[in-house]
Amino acid sequence: MLQYQSSPLDLAFQALSDPGRRAMVERLSFGPASVSELAAPLPMTLSAVVQHLKILEEAGLVKSEKVGRVRTCRLEIRAMTTVERWIAERKRFWEQQYDQLEAYLAASANKTEEPSE
Amino acid sequence: MTVHNANFTIERVLNASPARVFAAYATLEAKSQWFKAPSDIETLNRDFDFRVGGKERFHARWPSGMVTDFQATYHDILENERIILVYDMFQNGNKLSVSLQTLELRPEGDKTRLIHTEQGSYLVGGREAVVSREHGTTWHIENLMALLEGREQEAFA
């Protein structure tokens, strides 16, 4: 039985916080790719790509396997269980509410002075 | 019936005093300005009684036909400092979770650090089948793509 901890989710969010890694995930969302295919469009060295790949793998978002001399990467879209996705959704829901709270606070600050303190 | 316990924390530094942030929670008028769905929904019930022991409810039907029901009870309110509530979340009449939510407002200069700590019991008996039937396996890809593209996320509640 899965013992859910928040850390896998944190790892996933952390892994996706980097634009280079998001570009790699985006590429993999169209299908598996070799490390050099992944690296080709990116303005970074192959070893940097390998480092980023390691972070994505540790977060459970990407899996890679070496066949012969070629390491092929694929998106591990089943990495999250239903309950993990569900909790992630809940967290994202509240994040979204806070985006809206920030917008509301900015808009109401422009309209009026501070309400009674 | 299986229960999964999970905690998460969200921290935000908001560009407003704790008093203004607290005020955004304290009245239905203010809260409705930001605590809302990103898409057009039909509100079925909306209760709001912001005091210790008071209840809040947000019962709504989404364009997809999904019905969600947020039912909260305020357990602790300290003006400009803290709000603690317990909420049940239902989807299509099924109870998904019971959560203890603690909101702390800490002044940081003329800003406020909002610390949202949520301790939840997620009830998943038979629920996994419901989720996969309703959302299919495309859910994760769609949301991941939305995340990548910075588009508005499909919210849950």
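**Chains A and B of a predicted model**

Chain A exposes about 6,600 Å², and carbon and sulfur atoms supply 53% of that area. The model is a predicted one, and the values given here are computed from it. Of the 117 residues in chain A, 42% count as buried, a class that takes in residues with under 20% relative accessible area. Five helices and three strands make up the elements of this chain, and, read from the N terminus, they follow one another as α-α-β-α-α-β-β-α. Among the contacts in chain A with a separation of 6 or more, 52% are made by residues 24 or more positions apart.

Chain B brings us to a sheet. Strands of a sheet pair through backbone hydrogen bonds, either parallel or antiparallel. In chain B, seven strands form an open sheet with antiparallel pairing, in the order E1-E7-E6-E5-E4-E3-E2. Strand E1 (3-14) and strand E2 (42-48) of chain B stand at the edges, and because each has a single partner strand, one side of each is left without a neighbour in the sheet. From one strand to the next, the twist averages 15°.

Within this sheet, strand E6 (residues 94-108) and strand E7 (residues 111-123) of chain B run antiparallel and are joined by 12 bridges; in this pairing, Gln101(B) stands opposite Glu118(B) in E7(B).

Technical notes:
Residues are numbered from 1 along each chain as its sequence is written. Chains are lettered from A and ligands numbered from 1 in the order in which they are written. This is a predicted model: local features need pLDDT of at least 70, side-chain atom pairs count only at pLDDT 80 or more; totals for chains, interfaces and linings use all residues. Side-chain values use heavy atoms; hydrogens and water are left out. Helices (H or I, at least four residues) and strands (E, at least two) are DSSP runs, numbered from the N terminus. Buried means under 20% relative accessible area, exposed over 50%, partly exposed in between (1.4 Å probe, protein chains only). Contact means heavy atoms within 4.5 Å. Accessible areas come from the Shrake-Rupley method with a 1.4 Å probe; for residues, only the protein chains shown count as cover. Two strands pair if DSSP finds at least two bridges between them. Axes are lines fitted to C-alpha atoms, for helices over the stretch in contact, and angles run from 0 to 180 degrees between N-to-C directions.
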